[in-house]
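Trainee: I'd like to learn how to read a structure like this one. Could we go through it feature by feature?

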Amino acid sequence: MATLTSRSSVAVLATLTGTAFLAGCQRFGQQVGDLIPGGAPAPEEQIAELALLPADVPMFLSITSNPEQYVERAPELFQADLREALDETYAEMIEMTGINFEEDVAAWMGEQLTFAIFSLDVDPDPDLETPGFIVATTTSDPALSSAFVQGAWSEMEADGVVFESSTTDGVTLTVQTDAPTGEGLITAEIDDQFVLFANDMAAVEQALAVYQAGNGISTLDTFQTTLDLANQGDPLLWAYINPSFYADEEFLATLEELEGMPSPVLPPESLATLEAMRSIVVSIGWEDQDVRMQMMIDVDPEQLPLDDVQLAAGELIKELPSTALMVITSSGIGSSWEQSLASAQEMDPEFEEILNDIRAEVLAETGLDLDKDILGWMDGEMGVVVLPDAEATNPFASNMGALIAIETSDRQTAENTFAVLDELATEYGIRVSESGDQTIWGDPFLGQPMVVRAWQDDTVLLTSSPALQAAFGVDPSLVEAGPLQAVYEGLPGNNAGYFMINLAGVIATAEELVPPAMLATADIDEETLAMLRSLGGLGISAYEADDTHIGLDILLTTQAPAAPAE
């Protein structure tokens with residue numbers, strides 16, 4: 001091992017974490033079929049370091065020590081120049097720090113490397129704010145890990161670092177004694193099972209106490225449930241946030257003292273919401289060749305009941321076309337509007353006065369009641385779609401069009417509202433005409449269609465051209481074919497709506513619109529094009545996981561490269 005050139009605990013811990021991840025990204029030899037037989041282990045087994053973390057730990061981040069297995073699942077997403085950049089960075093870190101992951105660490109490090117903040121500020125200097133944290137991992141070979149730790153201390157001693165070491169009850173503790181609080185390095189080798197690096201003795205003592213008492217965060221049923229719910233697929237990393245810590249007055253006061261940080265201004269309602277959240281867990285990882293990020297929020301049902309969360313019926317999306325490039329669906333705007341008003345009025349008592357002014361202005365200009373005539377009848381699902389349109393007339397969106405579908409249980413009120421809007425449009429010079437069952441608003445100068453309206457049962461369709469009216473309800477729908485099918489199938493169905501982008505369609509459309517000569521002169525190499533063409537779709541949905549958990553899923557799907565033309 002080369003001589004460590006820095007005495008800072010922050011530098012040592014950062015380089016250990018960085019070299020572990022960068023070195024892992026360099027191994028590209030494994031086959032996907034050889035990875036983690038039988039699927040991912042349970043979170044508490046995968047993140048053994050949870051045994052060291054107290055129940056009230058503010059936050060932790062746990063990342064795999066073997067990231068190359070994830071890279072191999074979707075190699076098209078990782079270009080050669082990215083891998084070369086990782087190689088160069090890794091070599092520079094070895095030269096700078098003397099830590100060679102492959103030679104010094106890989107043989108003993110466990111599956112995860114976990115970073116946790118125990119306190120926000122451990123530095124006695126009022127002008128400095130240094131968080132107290134630990135970096136921990138398991139060891140598969142205590143002799144090798146001990147040789148690494150003690151070797152590092154010996155080399156630091158040769159560089160002038162002063163430290164003390166002791167062994168008690170299976171714990172070897174080594175503490176740097178010539179550095180200010182928060183800047184010195186501390187290591188702990190625990191029961192031939194864990195290796196811990198830290199900058200704060202209080203954090204180490206707390207971690208040891210938690211481990212010996214067996215009352216760490218993983219023993220909390222609420223936390224364990226949240227962790228399990230976020231364990232879909234095979235996570236590359238986990239992140240945890242304790243919301244109540246960030247609602248603490250002492251924490252907010254400390255933030256105000258940080259130089260360059262804006263003073264946090266959180267109304268009582270926002271603080272109450274944070275206090276009602278018991279934990280937030282985020283996981284990012286792979287499912288086969290797809291990438292998924294999950295956020296799971298555990299709430300106290302007595303403080304933040306989920307009964308009022310409005311979920312979408314999930315039927316409208318089944319009528320949307322497979323050619324869609326972007327899709328947004330949601331539950332009824334009318335009821336969502338009422339809930340938003342109630343929340344806004346609680347947060348700002350003056351909001352009611354502002355809203356009344358807006359209502360009065362809308363009524364004066366249109367004769368329509370904002371709540372009843374414009375928003376109230378939109379009580380079903382709503383969908384917004386961007387898709388190809390051969391009849392598109394918009395010069396700024398060639399060959400592209402839009403479709404909006406709104407369900408209602410009060411069609412008569414909706415038709416009355418549209419009749420008023422048709423009259424107002426005519427007064428402003430818009431050409432309003434009828435063609436069969438379609439009402440068309442035309443450009444005042446050329447008469448080209450701008451908005452086309454028609455009804456299908458109790459769903460009103462607003463489109464940018466007459467042709468797109470036929471796109472609603474056409475077979476196959478996006479849930480049956482196309483790149484968005486995999487996105488739809490991969491996201492939870494009991495959600496508040498979908499946000500989807502057909503990345504494959506967007507990229508293919510862009511390639512069609514860009515002249516070949518221009519594409520040839522663009523600075524885009526074949527590997528980048530292959531990466532872009534490997535993308536399938538992107539989807540986001542928020543949902544109610546159970547009576548106490550709100551989930552947010554983000555899914556990126558990939559697709560197999562197209563077969564070369566014969």
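Trainee: Which residue in the turn of the β16 and β17 hairpin has a positive phi?

Mentor: That's Asp-457, with a phi of about 55° and 2 residues between the two strands. Before we go on, keep in mind that this is a predicted model: local features need pLDDT of at least 70, side-chain atom pairs count only at pLDDT 80 or more, and totals for chains, interfaces and linings use all residues. Residues are numbered from 1 along each chain as its sequence is written, and side-chain values use heavy atoms, with hydrogens and water left out.

Trainee: What counts as a strand or a helix, and when do two strands pair?

Mentor: Both are DSSP runs numbered from the N terminus: helices are H or I with at least four residues, strands are E with at least two. Two strands pair if DSSP finds at least two bridges between them. Here β16 and β17 pair in the antiparallel sense over 5 bridges, and Gln-456 has Thr-459 in β17 as its bridge partner.

Trainee: Which strand do 4 bridges join to β16 (residues 449–456)?

Mentor: Strand β15 (residues 438–442), and the two run antiparallel. Look for Ile-440, whose bridge partner in β16 is Val-452.

Trainee: Where else does a positive phi turn up in a hairpin?

Mentor: Go to β4 and β5, a hairpin that also has 2 residues between its strands, where Asp-169 takes a positive phi near 50°. Asp-169 is not a glycine, and its place is in the loop between β4 and β5. The strands themselves, residues 163–168 and 171–176, pair in the antiparallel sense over 6 bridges.

Trainee: Which strands does β12 (residues 382–388) pair with?

Mentor: One is β11 (residues 326–330), antiparallel over 5 bridges; another is β13 (residues 400–407), antiparallel over 7 bridges. For landmarks, Val-327 stands opposite Val-385 in β12, and Val-386 stands opposite Ala-402 in β13. As a general idea, side chains in a regular strand alternate between the two faces of the sheet.

Trainee: How many aromatic pairs does the structure hold?

Mentor: It holds 9. Rings of Phe, Tyr and Trp (its six-membered ring) pair if their centres lie within 6.5 Å; planes under 30 degrees apart count as stacked, over 60 as edge-to-face and the rest as tilted. Phe-60 and Tyr-240 are a stacked case, at 5.4 Å centre to centre and 20° between the planes. Phe-60 lies in β1 (residues 59–64) and Tyr-240 in β8 (residues 234–241), so the pair ties together parts that are 180 residues apart in sequence.

Trainee: How many salt bridges are there?

Mentor: The structure has 7, where a salt bridge means a side-chain nitrogen of Lys or Arg within 4 Å of a carboxyl oxygen of Asp or Glu. Take Asp-298 and Arg-278, whose closest N and O atoms are 3.1 Å apart. Asp-298 lies in β10 (residues 290–299) and Arg-278 in β9 (residues 277–287), so this pair ties together parts that are 20 residues apart in sequence.

Trainee: Which residues are joined by a cis peptide bond?

Mentor: Asp-475 and Pro-476, with omega about -5°. You'll find Pro-476 in the loop between β17 (459–463) and α16 (483–490).
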